[in-house]
Amino acid sequence: NDLQHAEFYIGLGSGLSWLAWAVKTPVVLISGFSEPMTEFQGENVVRIFNPDVCNGCFNRRRLDPRDWNWCPDHKSTPREFECTKNIHPTRVIESIKRLMK
């Protein structure tokens with residue numbers, strides 16, 4: 001109920017983002033571990049994706065559900081999770097403003 005009546009939802013490509021989208025709540029989707037074609041789309045969805053860094057590992061590798069720090073290409077290096085770390089907060093804020101117009 002809270003999710004359905006929220007002004008918008010900010011999240012990763014997880015179940016809650018899919019649920020928000022399904023109940024027609026505007027979604028700001030911060031993504032990098034999956035390719036853009038993998039996630040939902042729509043007029044009430046803003047997908048934030050950085051194609052200039054490593055991305056899409058979820059589409060290339062099998063997820064290890066036991067590893068909560070799953071970053072198969074750059075685990076334990078300075079580049080670990082660069083797909084989302086390189087999305088600056090100002091980009092998220094700008095996306096929210098654009099979505100709420």
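**Cysteines and phi angles**

Author: Cys83 is buried, with a relative accessible area of 11%; buried means under 20% relative accessible area, exposed over 50%, and partly exposed in between (1.4 Å probe, protein chains only). This is a predicted model, in which local features need pLDDT of at least 70 and side-chain atom pairs count only at pLDDT 80 or more, while totals for chains, interfaces and linings use all residues. Residues are numbered from 1 along each chain as its sequence is written, and side-chain values use heavy atoms, with hydrogens and water left out.

Reader: How many disulfides does a search of the whole structure find?

Author: A disulfide is a covalent bond between the sulfur atoms of two cysteines. Here the criterion is a pair of cysteine sulfur atoms within 2.5 Å. The search of the whole structure gives 0 disulfides. For Cys71, which is in no disulfide, the nearest cysteine sulfur is that of Cys57, 6.1 Å away. Cys83 is in no disulfide either, and its nearest cysteine sulfur, again that of Cys57, lies at 5.8 Å.

Reader: Is Cys71 buried or exposed?

Author: Cys71 is buried, at 9% relative accessibility.

Reader: Which residues should I check for phi?

Author: Most residues other than glycine have a negative phi. Lys24 is not a glycine, yet has a positive phi of about 70 degrees. Lys24 sits in the loop between helix 1 (15-22) and strand 2 (27-30); helices (H or I, at least four residues) and strands (E, at least two) are DSSP runs, numbered from the N terminus. With a relative accessible area of 66%, Lys24 is exposed.

Reader: Where does Phe81 lie?

Author: Phe81 is in the loop between helix 2 (57-60) and helix 3 (82-85). Phe81, not a glycine, has a positive phi of about 60 degrees, and is partly exposed at 25% relative accessible area.
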